[in-house]
Amino acid sequence: MKQLRIRTLAGLFAVAGVLSWAGARLWNAVGTLPRVPPAAPVVLALIALVLLATALSIRSRLKAQRARRPDARGVDPMMAARALVFGQASALVAALVSGMYGGTFAFLLEHLDVAPRRDQAVYAGFSVVAGIGVMAAALFLQHVCRLPEDDDDTKGTATTA
């Protein structure tokens, strides 16, 4: 499986942020801005916690296996693969959503004198922070699930049989 790179996430974040900022300016010229849901940062933070808990669980199981402890529970390869796919998908979606809320946040910074827009800016800002947490947890999970032979692929030296 191909590794997810930070620059890919940063690129998605930046593109979504610019498009969201431009869309917010256009939408504001036509009428009112769509609201940022107060639950958005909470949901993103919960996803980050699930990803982090999964990564820590897999890491502790792998350490126990490597130490050859008799009571060690093994890591099912399919479970690790599913966790990795969930982590990578979550990171990609979080990059897009965080960029979208980041663009909205940047637009709302111009209108902090209006109380409802100030509240929306706070929700958008916390959503960006929580989305970055999702991306960080997903990258940590990817690091934990990396196989030893994956190290050769990242250096660009493929082994031939």
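Guide: Happy to. A residue counts as buried here when its relative accessible area is under 20%, as exposed when over 50%, and as partly exposed in between. Please keep in mind that this is a predicted model.

Visitor: Let's begin with H2, then. Which residues of H2 are buried?
Guide: The cut-off to apply is under 20% relative accessible area. In H2, which covers residues 40-66, the residues that count as buried are Ala40, Pro41, Leu44, Ala48, Leu51, Ala55, Ile58, Arg61, Leu62 and Ala64.

Visitor: Why would residues three or four places apart point the same way in a helix?
Guide: It comes down to the helical repeat.

Visitor: Which helices do the buried residues of H2 pack against?
Guide: Packing here rests on contact, that is, heavy atoms within 4.5 Å. By that criterion, the partners of the buried H2 residues are H3 (77-108) and H4.

Visitor: What length does H2 reach from its first C-alpha to its last?
Guide: H2 has 27 residues, and at 1.5 Å a residue the expected span is 39 Å. The model comes close to that expectation, with a reach of 39 Å.

Visitor: And which residue just after H2 takes a positive phi?
Guide: Look just past the end of H2 for a phi of about 55°. The residue with that positive value is Arg68.

Visitor: Are H2 and H4 roughly parallel or roughly antiparallel?
Guide: The axes of H2 and H4 (residues 115-144) come within 8 Å and cross at roughly 15°. Angles under 35 degrees count as roughly parallel. H2 and H4 are therefore roughly parallel.

Visitor: Is the crossing of H2 and H4 left-handed or right-handed, and how many nonpolar residues does the contact have?
Guide: H2 passes H4 in a left-handed crossing. Sorted by class, the contact of H2 with H4 has one charged and four polar residues, and its nonpolar residues number 21.

Visitor: How do H2 and H3 compare: what is their relative direction?
Guide: Their axes are 11 Å apart and the packing angle is about 150°. An angle over 145 degrees counts as roughly antiparallel. So the relation of H2 to H3 is roughly antiparallel.

Visitor: Which residues of H3 make the contact with H2?
Guide: The crossing of H2 and H3 is left-handed. From H2 come Ala40, Leu44, Ile47, Val50, Leu51, Thr54, Ile58 and Arg61. The contact residues of H2 and H3 divide into twelve nonpolar, three polar and one charged. On the H3 side they are Met79, Ala80, Ala83, Phe86, Gly87, Ser90, Val97 and Tyr101.

Visitor: Is Pro41 buried or exposed, and which residues does Pro41 touch?
Guide: Pro41 lies in helix H2, and its relative accessibility of 13% means that Pro41 counts as buried. Not counting residues up to four places away in sequence, Pro41 touches Tyr123, Phe126, Ser127 and Ala130.

Visitor: Which residues is Tyr123 in contact with?
Guide: Tyr123 is in helix H4, and at a relative accessible area of 27% it is partly exposed. Leaving aside neighbours within four places in sequence, the contacts of Tyr123 are Val36, Pro37, Pro38 and Pro41.

Visitor: What about H1 and H4: what is their relative direction?
Guide: The axes of H1 (residues 6-30) and H4 come within 12 Å and cross at roughly 165°. That angle is over 145 degrees, the cut-off for this class. H1 and H4 are therefore roughly antiparallel.

Visitor: Which residues of H4 make the contact with H1?
Guide: The crossing of H1 and H4 is right-handed. H1 contributes Ile6, Leu9, Phe13 and Asn28. The contact residues divide into six nonpolar, one polar and one charged. Those from H4 are Arg117, Val128, Met135 and Leu139.

Visitor: Finally, which residues is Phe13 in contact with?
Guide: Phe13 is found in helix H1 and is partly exposed, with a relative accessible area of 27%. Phe13 and Gly131 are 118 residues apart in sequence, yet 10.0 Å apart in space, C-alpha to C-alpha. Leaving aside neighbours within four places in sequence, the contacts of Phe13 are Ala95, Ser98, Gly99 and Val128.

Technical notes:
Residues are numbered from 1 along each chain as its sequence is written. This is a predicted model: local features need pLDDT of at least 70, side-chain atom pairs count only at pLDDT 80 or more; totals for chains, interfaces and linings use all residues. Side-chain values use heavy atoms; hydrogens and water are left out. Axes are lines fitted to C-alpha atoms, for helices over the stretch in contact, and angles run from 0 to 180 degrees between N-to-C directions. Helices (H or I, at least four residues) and strands (E, at least two) are DSSP runs, numbered from the N terminus. Angles under 35 degrees count as roughly parallel, over 145 as roughly antiparallel, 65 to 115 as roughly perpendicular and the rest as oblique. A crossing is left-handed if the near helix is turned anticlockwise from the far one by less than a right angle, and right-handed if clockwise. Ala, Val, Leu, Ile, Met, Phe, Trp, Tyr, Cys and Pro count as nonpolar, Asp, Glu, Lys and Arg as charged, and the others, Gly among them, as polar. The expected span of a helix is 1.5 Å times one less than its number of residues. Buried means under 20% relative accessible area, exposed over 50%, partly exposed in between (1.4 Å probe, protein chains only).
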